[in-house]
Amino acid sequence: MSDAKIKAPRGTYDVLGEQVAARLQLESRSRTILEGAGYERIETPTFEATELFARGVGASTDIVRKEMFTLEDGGGRSLTLRPEGTAPVCRAYVEHGMHKRRQPVKLWYLSSFFRHERAQAGRYRQFWQVGAEALGSEDPAVDAEAIVLLNTLMMEMGVRDATLRLSSLGSVESRAVYRERLQAHLHANEGDLAAEIVARIDLNPLRAFDSDHPGTRAVMETAPRLLDFLSAEDAEHFAQVRELLDVAGVPYVVDSTLVRGLDYYTRTVFEYTSTALGAQSGVGGGGRYDGLVQQFGGPSTPGMGWAAGIERILLSCDPHHTAPADLELFVAVEEHSATLRKTAFALASRARSAGLATQIELAGRSLRGELSHAGALGARYVAIVGEGHTVLKNMQSGGQETLATDTVIHAVLRAHSDL
Ligand code: HAM
């Protein structure tokens with residue numbers, strides 16, 4: 001058998017030490033912000049029927065065309081590791097008859113998602129999102145509230161150089177009219193466009209707005225803009241969303257070239273980008289999806305939500321210097337005899353039961369090695385267990401006293417309460 005090292009798959013990573021603390025902080029802030037606004041936690045399965053995403057996210061999207069991790073179960077059913085959270089939440093809304101609850105139903109999640117993308121900094125094949133979805137109301141206040149909550153999270157996490165881009169896609173009908181006009185514009189200028197854009201004119205013309213190709217960019221400058229094609233009702237909805245963001249003091253730029261990579265959006269769309277991220281500038285985004293629940297066999301139900309990438313939030317904010325947990329007591333042994341090791345082990349167990357953060361020597365170090373290790377861990381006290389007594393050393397003052405071993409915990413606790 002080969003003994004070559006086995007590495008984590010490309011595009012995945014281990015969460016270690018300090019990163020755990022930063023993630024926990026992000027999770028707890030998300031919970032406080034979202035649950036405070038009436039969002040309830042939901043967790044859906046890691047995999048779903050492939051059809052859920054094919055139908056919901058859209059057959060022409062990159063996600064469905066080439067980024068899904070799809071497998072077959074023993075019975076020949078096609079399953080897919082969830083690439084996003086909105087379609088599963090809508091599926092759950094229908095499956096659990098949530099339209100019978102008070103509307104809107106507000107749900108949030110913090111889960112891992114899977115996309116077979118080209119891995120690079122900030123872009124992973126398994127990544128995490130915090131997301132929020134509000135189903136059952138088309139009130140523009142739902143849109144504005146959701147955006148305000150994401151903005152609060154961004155601010156509280158200290159995301160740097162963030163811009164909120166905002167637009168409206170209008171209804172499916174007005175978008176269809178616009179699409180034709182855009183396609184005509186692209187066909188008329190085919191000679192100046194990148195080949196990949198020409199190849200996608202019929203499939204997904206809006207993606208041309210995302211291109212970095214100079215010729216394509218020039219053509220897009222004069223392209224018709226979707227915002228000019230909105231119906232009066234959709235334009236009014238968008239105006240109200242903007243007004244509410246204004247009164248909430250959330251800055252944004254209206255960007256009619258904003259393209260989202262998922263097909264289900266209607267009306268409001270938005271994205272937070274941060275220049276601190278480099279190429280992968282999207283920190284979070286979302287929008288309204290008024291037809292999605294119905295597509296899954298539910299009653300006609302409007303929806304609105306967003307998701308933000310955990311890795312990208314953490315990459316784009318100043319590193320949080322989370323101090324390692326305080327260590328109150330380190331239990332060492334004068335020498336490594338079986339009896340002393342047992343006494344030390346019992347002392348450490350009792351100290352933990354008494355509520356003291358305690359570590360014990362586990363690597364057979366010499367007494368000097370034990371003290372320097374305890375110092376490196378930042379221990380406040382070191383108990384050096386000897387035959388019939390224990391020396392308790394205060395690592396800050398350097399002072400020490402010799403005690404009966406069973407009084408050590410009491411001495412540390414007393415010193416603790418005097419602090
Ligand atoms: P999305 O824009 O595809 O939207 O993803 C949301 C966020 O997830 C992105 O802004 C980014 O921070 C993060 N993200 C996406 N792909 C990756 C990746 N490969 N590696 C690291 N982070 C990534 C959605 O997923 C929609 N479900 C959002 C939504 C909710 N719309 C309405 N409700």
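Which strands each supply at least two residues of the shell around the ligand? In this predicted model, select strand S6 (126-135), strand S10 (282-288) and strand S11 (303-309), since these are the strands to which that description applies. Keep S10 highlighted for a moment, for S10 gives the most to the shell, with six residues.

Next, display the whole shell, in which 26 residues surround the ligand, the closest being Glu84, Glu117, Glu133, Tyr265 and Val283. Coloured by class, this shell shows nine nonpolar, 10 polar and seven charged residues.

Now turn to individual atoms of the ligand. Select glutamine 129, where a polar side-chain atom lies 3.0 Å from an oxygen atom of the ligand, and then glycine 284, where a polar backbone atom is 3.3 Å from an oxygen atom of the ligand. Moving on to glycine 305, you will find a polar backbone atom 3.4 Å from a nitrogen atom of the ligand. Taken alone the ligand exposes 650 Å², and the protein buries 95% of that.

Helix H2 (50-56), helix H6 (172-188) and helix H10 (292-295) each supply at least two residues of the lining, and H6 gives the most, with four residues. Coloured by class, the lining of the second largest pocket has 11 nonpolar, nine polar and six charged residues.

Conventions
Residues are numbered from 1 along each chain as its sequence is written. This is a predicted model: local features need pLDDT of at least 70, side-chain atom pairs count only at pLDDT 80 or more; totals for chains, interfaces and linings use all residues. Side-chain values use heavy atoms; hydrogens and water are left out. A residue is near a molecule or strand if one of its heavy atoms lies within 4 Å of it. A polar contact is a pair of N or O atoms within 3.5 Å; within protein, one must be able to donate a hydrogen and the other to accept it, and residues adjacent in sequence count only if both atoms are side-chain atoms. Accessible areas come from the Shrake-Rupley method with a 1.4 Å probe; for residues, only the protein chains shown count as cover. Ala, Val, Leu, Ile, Met, Phe, Trp, Tyr, Cys and Pro count as nonpolar, Asp, Glu, Lys and Arg as charged, and the others, Gly among them, as polar.
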